[in-house]
Amino acid sequence: MIAFVFLLLALTSISAETEKVKASVKSGKTKFSCTFTLENDGKAVLMGDSKVVCTPNKPTKKKIKDFKLSTDTADYVLSFNINPEKLTKAAIELKTVKTVECASGFTRVCPSGANGACPDGMFNHCPYNGSPAAEADTWGCSCLQTYMLELDLQNGLSPLGECHGECICMSGNLEAIKKKQKTTFVGAYPTMPSYCEEAATGQKQTGTFVAGNTNNPSNK
């Protein structure tokens, strides 16, 4: 009997998969930072093994219904309470996913999920001090050169190009680069370059440039 129970537990642990996802959740005027630990058996979310933890701890007794969360592997619809936290309902729809494996010197970059959600082991980067969109992006993950990603992170730019303002997810081991001290001759990019707006609208814009940036016409 003991051997049978052990075998049953082993099979359960093998078949279940767990995702840990961070997302911003707004209730009224309050924005919460929530971490979801979601375990599924391939068909449904295992409520007893899943949880949500949110900060700050006030206001209390907030209820969230049908919150949509998207990851590399699944789309979730979640209902839960905040302060105290309790996951009350969860639905899952698995995606057909082909994992992107990057060669040495390259780093995996993926679209941002709804409200900035990223797969486990990745973090959200928003260029030009932007904020995550409420809806998930749908382009496929890719591998970009790590060194170039590091330079873009330091300058607050998007690795997808200067005229891209959408948030992205990238490997968590690059997050420390954002805290690296910049050299005195390199300035951050607080806003998207004016020529991006001109290309999108067809109207000439008044650009804001930072000393040291190579996109400043006065420096050419």
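Helices here are DSSP runs of H or I with at least four residues, strands are runs of E with at least two, and both are numbered from the N terminus. On that basis the protein reads α-β-β-β-β-β-β-β-β-β-α-β-α along the sequence, which comes to three helices and ten strands.

Some ground rules before the details. This is a predicted model, in which local features need pLDDT of at least 70 and side-chain atom pairs count only at pLDDT 80 or more, while totals for chains, interfaces and linings use all residues. Residues are numbered from 1 along each chain as its sequence is written, and side-chain values use heavy atoms, with hydrogens and water left out.

Overall figures next. Of the 220 residues, 34% count as buried; buried means under 20% relative accessible area, exposed means over 50%, and partly exposed is in between, with a 1.4 Å probe and protein chains only. The accessible surface is about 13700 Å², and carbon and sulfur atoms hold 54% of that. Those areas come from the Shrake-Rupley method with a 1.4 Å probe, and for residues only the protein chains shown count as cover. Among contacts with a separation of 6 or more, 59% are between residues 24 or more positions apart; contact means heavy atoms within 4.5 Å.

Now the interior. A nonpolar core is a set of buried Ala, Val, Leu, Ile, Met, Phe, Trp, Tyr and Cys residues joined through side-chain atoms within 4.5 Å. The largest one has 21 residues, and Phe 36, Leu 69 and Phe 80 touch the most other members. Strands 1 (17-27), 2 (30-40), 3 (51-55), 4 (62-70), 5 (74-82) and 6 (86-94) each supply at least two residues of this core. Strand 5 gives the largest share, five residues. A second, separate core has eight residues, including Val 109, Leu 149, Leu 153 and Ile 168. As for Phe 36, its contacts beyond four places in sequence include Val 21, Val 25, Phe 67, Leu 69, Leu 78 and Phe 80.

Helix 2 covers residues 146-154. Its buried residues are Thr 146, Leu 149, Asp 152, Leu 153 and Gln 154, and they pack against strand 7, strand 8 (122-125), strand 9 (142-145) and strand 10 (168-171). After helix 2 comes Gly 156, with a positive phi near 70°. On the surface, Tyr 147, Met 148 and Leu 151 form a nonpolar patch with about 290 Å² of accessible area together. Nonpolar patches join Val, Leu, Ile, Met, Phe, Trp and Tyr side chains within 5 Å, each residue having over 30% relative accessible area and no salt bridge.

Where does Ser 50 lie? Ser 50 sits in the loop between strand 2 and strand 3, and is buried at 10% relative accessible area. Its side chain reaches the backbone oxygen of Leu 46 at 2.8 Å, and a polar atom of that side chain lies 2.9 Å from the backbone nitrogen of Glu 39. Outside four places in sequence, Ser 50 is in contact with Thr 37, Leu 38, Glu 39, Val 45 and Leu 87.

Last, charge pairs. The structure holds one salt bridge, defined as a side-chain nitrogen of Lys or Arg within 4 Å of a carboxyl oxygen of Asp or Glu. The side chains of Lys 95 and Asp 75 form it, at 3.6 Å from N to O. Lys 95 lies in the loop between strand 6 and strand 7 (106-111) and Asp 75 in strand 5, so the pair ties together parts 20 residues apart in sequence. Lys 95 is partly exposed at 33% relative accessibility, and Asp 75 is partly exposed at 33%.

Key. Patch = residues over 30% accessible without salt bridge, like charges linked within 9 Å, V, L, I, M, F, W, Y side chains within 5 Å. Polar contact = N/O pair within 3.5 Å; in protein donor to acceptor, adjacent residues only side chain to side chain.
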